[in-house]
Amino acid sequence: MSESKKVRKLLKEAIAAVQDEIHAVQQHPRRDVLTAPEFLEDEEDFTYRFESSNPSFEHVDELALISADPPISGEVVRIDEKHIVIKFEKRPDEPFIQGEVEWVNDFVLQRTLEQLEFLSESGDTAQIERLTEIFGSSALSGEAESAEILHDGYRNEAQQQAIRKAMDNRVTYVWGPPGTGKTATLGFIVANYMKAGKKVLFASNTNRAVDVGLLSVMQALQQLQFRVEPERITRFGEAALENELLAQLSFDEQLDARRRQIIGQTLDSAQQLRLKMLEEMRSKLEKSGRKMPAKLQNEYDMLALQLEDKPGESAAEAVASELEQLRYRELVRKKLIATTLARVCTSDILPTLNFDAVVIDEASMASIPYILVLASRSKAHIVFAGDPMQLPPIATTANRKHRDFLEKDVYTMASEADSMEQLFVWKDQNPGITCFFDTQYRLEDDLAEVISEVFYDGRLKSGKANAIIHAPSQQLTLRDAQQKDKSDVSVHLVNTTRYGPWIDTPKSEYGFRPVNQVHRDLVMELVKRLVQKEQLHPSQIGIIVPFRSVVWDYRRELYSSNFSGVEVGTIHTFQGREKEAILFDLVMSGAGETQPRRHFTVRPFDETKNGLSVPRLLNVAFSRAKKHMVVLADMDHVRRVYHGKFLGNLLHKLRVNKITGKKR
């Protein structure tokens, strides 16, 4: 089979898998529990702000408050990294202290399907050729070295190689474990592309990752003393981080500025001031989710009509004509566009643009359909940056064939690997296109030691503890780290067996919802001690659990205990995030309050059910802590059902916990 036929077959597989996933998503709506509702009196109708860090709301327009009886329909007004604002059709009954919402999350999938069908059926040979170059056998060899690369002088050898290969190759795979300087190095890769006059698309899975990546690019440009006009760089979509520079680079802000400029150039000065003021007022109201009052809107419309100064096209028509093409023209003239993968797939404009280079951060989290859409826009270079030993893509469909396809990432597709060992064999056999960042600078040495041995074949070294900008000479091997004071331990295992934990599995229309009250009580005790004894602010603490239903249970408990600032979520919630202290509750014990209890494995922790996703999920959970990593596990349960499995082997490498003052 020819390379192009293989690509067309890959597109057909992607289309079939996405179609099946859309059906599954529609049959299984997403749910979440929102806390700390605040009624916004200055907003329209019945509008509330809730605490939420769930990125899934980004492309949600409508949802339902299902904790109300009967459910109340709502409209998402806006979201940021910590809050979501929702306008309900009527006011929820008081007391209103939290709300469970439900929505169908198929918008991005529907638009992605449209893009894939266009790629498959359009007959655009250029895009098929690009995909063939990227995913065909010719991509396995790197090119000759280019001219000298530019960086800050502190990139280590692996990081320099990544920049060089990105400049030379059609395709480059950057493998960056936690704390190895991947994001900073990507900043220099993009800066080198831009200095070479290339148009770049930088994309990642989450708004936060896009923001961090874009700020890294701006810092790299500054360090290289290469000035790019700010209006040639844009952040397309909603920023998650509150940052003055990101606000300046916001595409919406840039577009508003151009609108005002166009209106100012078109209208007579006598009426220009009033129309400008009305335009600015409307823009601000729209950003807050409100509409301009009817009286002012009528004034705006009348003013535009009155500005016909001579026969032919009116000023209002001239403005309308100019503004209609403005979004497209503004995006075309950008040298760097930073946005999420979902925005690329759902935008009417971005999929029509071509880029000299496409850089995808967190590529190991992106499913193949999204990768295909973005790769088709790359004319000369594409960089996949991520960690195939961290979070994999996730799918909802129960169809095994389609789920396996959607949960495969670009690294495992290229390597055909289903284990860590096979990934490293592929990396070692393809040195021209792969880079492994082998030095971490963030994690405490004892935790880094465990992570290196278990997740990275012992290849991950620790750099100097205080190294933020990485110099190659500032390295400390893990063997040296073992000679450090053993009392300075950051990773702890709390063996909960002695407390007699058990799980209740109440019947629920929402599926498996385990409740382990013993674990929950222990976690709440640890939270109190971290706040009172370790002087940590609640926002510096994170609780990770394997099941979404347990997230809701913890949120209720934290809220009622005045610890709502503690963030709790599944492993996926914490990808790319860090906390001073992470409490990882495995939740599972024997089922039933009385003996004999029933012990069984669950998909998140059993590689016979979930394959390579198990070590990837555990790796994320274990690499989110800056100082304290506490794991709560019923080791009797672990020994019964996970003996010889990945989880069992990992937990036996951990040290004994001492944080609560009692030896476990």
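Biologist: Which residues lie nearest the centre of the second largest pocket?
Modeller: Arg78, Glu238, Asp252, Lys287 and Arg343 lie nearest its centre. They belong to a lining of 47 residues. Please bear in mind that this is a predicted model.

Biologist: How many of the lining residues of that pocket are charged, polar or nonpolar?
Modeller: The lining of the second largest pocket divides into 19 charged, 18 nonpolar and ten polar residues.

Biologist: And how much space lies in the second largest pocket?
Modeller: The space in this pocket comes to about 1500 Å³.

Biologist: Which elements each supply at least two residues of its lining?
Modeller: Two strands do so, S4 (72–79) and S5 (83–88). The helices that do so are H2, H7 (244–249), H8 (251–266), H9 (269–287) and H13 (341–346).

Biologist: You mentioned S4. What is found in the loop between strand S3 and S4?
Modeller: Ala68 is found in that loop, with strand S3 covering residues 62–65.

Biologist: Is Ala68 buried or exposed?
Modeller: Ala68 has a relative accessible area of 17%. A residue counts as buried under 20%, so Ala68 is buried.

Biologist: What separates the C-alpha atoms of Ala68 and Val101?
Modeller: A distance of 9.4 Å separates them, and the two residues are 33 residues apart along the chain.

Biologist: Let us change topic to cavities. How many of 30 Å³ or more does the structure hold?
Modeller: The structure holds three cavities of that kind.

Biologist: Which residues line the second largest cavity?
Modeller: Its lining consists of Pro514, Val515, Asn516, Arg520, Val550, Asp553, Tyr554, Asp585 and Val587. By type, five of these are nonpolar, three are charged and one is polar.

Biologist: Which helix gives the largest share of that lining?
Modeller: Helix H21, residues 548–560, gives the largest share, with three residues.

Biologist: Now to the helices themselves. Why is helix H23 described as largely enclosed by the rest of the structure?
Modeller: Helix H23 spans residues 613–622, and ten of its ten residues are buried, so the rest of the structure largely encloses it. Among the buried residues of H23 are Arg616, Asn619 and Phe622.

Biologist: And H5, how many of its residues are buried?
Modeller: Eleven of the 14 residues of H5 are buried, and the helix is mostly covered. The buried residues of H5 include Lys182, Phe188, Ile189, Tyr193 and Met194.

Biologist: What length does H5 reach from its first C-alpha to its last?
Modeller: Helix H5 (residues 182–195) reaches 20 Å, close to the 20 Å expected at 1.5 Å a residue.

Biologist: What follows H5?
Modeller: Gly197 follows H5, and the phi of Gly197 is positive, near 85°.

Biologist: Which residues are buried in helix H3?
Modeller: In H3, residues 125–135, the buried residues are Gln127, Ile128, Arg130, Leu131, Thr132 and Ile134.

Biologist: What covers the buried residues of H3?
Modeller: The cover includes helices H1 (3–27), H2 (107–121) and H14 (368–375), together with strands S7 (171–175) and S12 (378–386).

Biologist: Finally, what does the secondary structure of the whole protein come to?
Modeller: The protein has 25 helices and 21 strands. Of its 664 residues, 55% count as buried. The accessible surface of the protein comes to about 29500 Å², with 46% belonging to carbon and sulfur atoms.

Key:
Residues numbered from 1 in each chain as written. Predicted model: local features only at pLDDT ≥ 70, side-chain atom pairs only at ≥ 80, totals over all residues. Heavy atoms only, no water. Helix = DSSP H or I, 4+ residues; strand = E, 2+ residues; numbered from the N terminus. Buried < 20%, exposed > 50% of the residue type's maximum accessible area, 1.4 Å probe, protein only. Areas by Shrake-Rupley, 256 points an atom, 1.4 Å probe, with all protein chains shown as cover. 1 Å grid on protein atoms, 1.4 Å probe; cavity = no way out; pocket = protein on both sides within 12 Å on 5 of 7 lines; lining within 4 Å. Points joined across faces, edges and corners; volume = space filled by probe spheres on them. Nonpolar A, V, L, I, M, F, W, Y, C, P; charged D, E, K, R; others polar. Expected span 1.5 Å × (residues − 1). Contact = heavy atoms within 4.5 Å.
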